[in-house]
Amino acid sequence: MGNVCTGRSPDGCGNQNAAATYLMLIGILPMGDRSEAAPNEELEVRSICTITHIVNRLRAAPRLHGGGHKSSRRRNTAMNIQVQPQLTVAKRHLPFECVALVLQGGGALGAYQAGVYEALVEAGIDPDWVAGVSIGAINSAIIAGNEPAERVAKLRTFWQEITANPLLDWSSALHTITPKGDLARALFNQVSATCALFSGAASFFTPRLPVPWLHPDGALEATSFYETKHLKGTLERVVDFDRINAGAMRFSVGAVNVRTGNFVYFDNTTHTIRPEHVMASGSLPPGFPAVEIDGEYYWDGGLISNTPLDWVVDAGRRQDTLAFQVDLWSAHGELPRNLAEVATRHKEIQYSSRTRASTDQFKRVQHLRNALASLLSNLPDDLRTSEEAKLLSPEADRKAYNIIQLIYGSKHYEGHSKDYEFSRLSMEEHWRAGYHDAVRTLRHPEVLQLPDGQEGVRTFDLVKDGRE
């Protein structure tokens, strides 16, 4: 079940007052004078534990669906997931040589990508290539490492496991006590993030004990606050690495060589992929330790580039490509009003990886390649066989690219801890947001059509280009 965040445990939230205040805000505990109640923390802890016990009893009770009728095909309305043995949606035939799914890093926000993928499955869109960094690498591995009919269910299994927390799960299980309003929700999210800081996330990471300062210099244990041994076991349960290495779907994850500082992609066309390759892509220091692969140590690829679009459009032979670029950090935002908002905005800018700037640069390069292809085709024979023409010829092509950008839009109550706030409630919200953004995007027919014109690249951003 993983670590349980309780008020009694010294490794727990360490924030009983905040939890009790939150319960007061939503009407579970009576309002009172906090200055008088502060010494009586044990009463608060007992109250919280009692509520958790009652909620868990309620959750364990049998549930009826659809007015009391049991159904073998139940729909989880919170996450838009159909539990079914086989997918019946036929694969859609698209006018592209490659359909790529490009997944950015962003920790707990990664459920947004799972929602996007579910909508693509329902639309009959099956990627040929998945590429990811950090949490995007984990989602990519689950997609590439499972049969098509099992992928959404395995994504659901992973995200439900790492957001399991009996103290907080009631917030999504019982609608009547779900936090309402930005203030209550911001406090709930902060309590949840504090739980992750002190207790980790189930089946994902746990605090390192003893703490890193008590380990000798040179020991791997001295280099991170958390250990990720549980993540390896989780990956081995939800991912079939033999399937990834069989190459039915191309798979790429990015990481950084700690010693050289070089960015590297572990790709199933050049590497035999193991859990360590996926873990390396998500080993963000100093939280997580570097991962050893073939004698070298690697950190999170997001330290250099958090979005693997460049690899998809430049690696290997060029081909007509439909790329769904699913970002978890928006480069655009509002001017911060306080230090907390400064921390949030700093993180958004840092990890958005200048997505739009990179896409604009690629559009310019592809425009030049198209123009060069036209120029070379119109040269007289004596110039076409010249050394200069031979030098330029590999860079010329008329390939077309549709780059579809889906970018998670943060809520006002989400702060700088949103990427390590692993509550079930937030996970379900992120999943729904990704699903609905993808559904709205796919309503636009141009998204699935080859771009025309000299440029050869079309970008679509729902925020900028969408229409209802």
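1. Let's start with a pair of helices. Helix 6 (residues 151-162) packs against helix 9 (residues 229-238) at an angle of about 160°, and their axes are 10 Å apart. Angles over 145 degrees count as roughly antiparallel, and helix 6 and helix 9 are therefore roughly antiparallel to each other. The crossing of helix 6 past helix 9 is right-handed. Please keep in mind as you read that this is a predicted model.

2. Which residues make this contact? From helix 6 come K154, T157, F158 and E161, and they meet L231, T234, R237 and V238 of helix 9. Sorted by class, the residues of the contact between helix 6 and helix 9 are three nonpolar, two polar and three charged.

3. Helix 6 has another partner to look at. Helix 5 (residues 135-144) packs with helix 6 at an angle of about 140°, the axes being 9 Å apart. That angle makes helix 5 oblique to helix 6. Here too the crossing is described as right-handed, with helix 5 passing helix 6.

4. What does the contact between helix 5 and helix 6 consist of? On the helix 5 side there are I135, I138, N139, I142 and I143, and they meet R151, K154, L155, F158 and W159 on the helix 6 side. The contact of helix 5 with helix 6 has seven nonpolar residues, one polar residue and two charged residues.

5. Now zoom in on one residue, L231, which sits in helix 9. Is L231 buried or exposed? Its relative accessibility is 4%, so L231 counts as buried. Leaving aside residues up to four places away in sequence, L231 touches I138, F158, S203, F204 and M279. Take M279 as an example: L231 and M279 are 48 residues apart in sequence, yet their C-alpha atoms are 7.7 Å apart in space.

6. That example leads to the chain as a whole. The secondary structure comes to 18 helices and 13 strands. Of the 468 residues in the chain, 51% are buried. If you take contacts between residues at least 6 apart in sequence, 74% of them join residues at least 24 apart.

7. Next come the charged pairs. How many salt bridges does the structure hold? The count is 19. One of them is between the side chains of E296 and R259, at 2.8 Å from N to O. E296 lies in strand 10 (residues 296-300), while R259 lies in the loop between strand 7 (250-257) and strand 8 (263-267), so this pair ties together parts that are 37 residues apart in sequence. R259 is exposed, with a relative accessible area of 63%.

8. E276 pairs with R274, and their closest N and O atoms are 3.5 Å apart. In this pair E276 is buried, at 16% relative accessible area, and R274 is partly exposed, at 33%. R337 pairs with E341, where the closest N and O atoms are 2.7 Å apart. R337 counts as exposed at 72% relative accessibility, whereas E341 is partly exposed at 25%. Elsewhere, salt bridges that share partners join E97, R317 and K399 into one network.

9. The backbone has some details to check as well. Where are the cis peptide bonds? One joins L209 and P210, with omega about -5°, and P210 is found in the loop between strand 5 (206-207) and strand 6 (226-227). Another runs from P285 to P286, with omega near -5°, and P286 lies in the loop between helix 11 (275-281) and strand 9 (291-293).

10. Finally, look at two phi angles. S203, listed above among the residues that L231 touches, has a positive phi of about 60° although it is not a glycine. S203 is placed in the loop between helix 8 (181-199) and strand 5. D294 is not a glycine either, and its phi is positive at about 50°. D294 is in the loop between strand 9 and strand 10, and at 67% relative accessibility D294 counts as exposed.

Conventions: Residues are numbered from 1 along each chain as its sequence is written. This is a predicted model: local features need pLDDT of at least 70, side-chain atom pairs count only at pLDDT 80 or more; totals for chains, interfaces and linings use all residues. Side-chain values use heavy atoms; hydrogens and water are left out. Axes are lines fitted to C-alpha atoms, for helices over the stretch in contact, and angles run from 0 to 180 degrees between N-to-C directions. Helices (H or I, at least four residues) and strands (E, at least two) are DSSP runs, numbered from the N terminus. Angles under 35 degrees count as roughly parallel, over 145 as roughly antiparallel, 65 to 115 as roughly perpendicular and the rest as oblique. A crossing is left-handed if the near helix is turned anticlockwise from the far one by less than a right angle, and right-handed if clockwise. Contact means heavy atoms within 4.5 Å. Ala, Val, Leu, Ile, Met, Phe, Trp, Tyr, Cys and Pro count as nonpolar, Asp, Glu, Lys and Arg as charged, and the others, Gly among them, as polar. A salt bridge is a side-chain nitrogen of Lys or Arg within 4 Å of a carboxyl oxygen of Asp or Glu. Buried means under 20% relative accessible area, exposed over 50%, partly exposed in between (1.4 Å probe, protein chains only).
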